Amino acid sequence: MTVNAKGGLAAKLCMDTLEDKDSCMELLKQADPKIVTAKSYEELARAVLGWAVTKGTEGQIFLKGLALVDNNPAIVQCAGFHYDGVVASFKSAMAELKDDPQTASYDAKVASDGPAACERGLVAAKINNPAIIALNRQIVLLSTLAFQAIYLWSR
């Protein structure tokens, strides 16, 4: 398979399977080098999941800091319950990847439930915070990228 040198398999995955191609390619510009140099879908899945755990954890730290400043229940819920699920799902997917790719793909996909629920809570509370919106979109994108890489590796 011929892959684009600027992003390799990850860029191919963005262009071939994801709806939001532009955001995906933009995300790859910030990506861990292991993602853009991956030579197989297994390697790509591991790299994306590793980065997703890091980004989810960093996002949760950011949200917890925001919750301390603005004790809004919607932000507190995002920082706690919703992003607990994000980090746990990505970690679970990473742990299951070798022995149970089907469960790993499920876990990678459900990691996007947290940002979606967070977003609904923010809308209901009439909170428009561009940084939280961007974080949620990034986590959803990482979830989709991980899911697709696992799927393509395991089929």
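The model is predicted: local features need pLDDT of at least 70, side-chain atom pairs count only at pLDDT 80 or more, and totals for chains, interfaces and linings use all residues. Residues are numbered from 1 along each chain as its sequence is written, and side-chain values use heavy atoms, with hydrogens and water left out.

**The whole chain**

Next, switch to a surface view: the protein chain exposes about 8200 Å², of which carbon and sulfur atoms supply 55%. Accessible areas come from the Shrake-Rupley method with a 1.4 Å probe, and for residues only the protein chains shown count as cover. Of the 155 residues, 48% are buried; buried means under 20% relative accessible area, exposed over 50%, and partly exposed in between (1.4 Å probe, protein chains only).

**Gln138**

Select Gln138, which is found in helix α8. Gln138 is buried, with a relative accessible area of 16%. Its side chain makes a polar contact with the side chain of Gln30 at 3.4 Å. A polar contact is a pair of N or O atoms within 3.5 Å; within protein, one must be able to donate a hydrogen and the other to accept it, and residues adjacent in sequence count only if both atoms are side-chain atoms. Leaving aside neighbours within four places in sequence, Gln138 is in contact (heavy atoms within 4.5 Å) with Leu27, Gln30 and Lys55.

**Lys109 and Phe147**

Select this pair next: Lys109 lies over the face of Phe147, at 5.6 Å from the ring centre. A charge sits over a ring if NZ of Lys or CZ of Arg is within 6 Å of the ring centre and within 35 degrees of the ring normal.

**Lys126**

Finally, select Lys126, in the loop between α7 (113-124) and α8 (130-154). Lys126 is exposed, with a relative accessible area of 73%. Although not a glycine, Lys126 has a positive phi of about 60°. Most residues other than glycine have a negative phi.

Notes. Helices (H or I, at least four residues) and strands (E, at least two) are DSSP runs, numbered from the N terminus.
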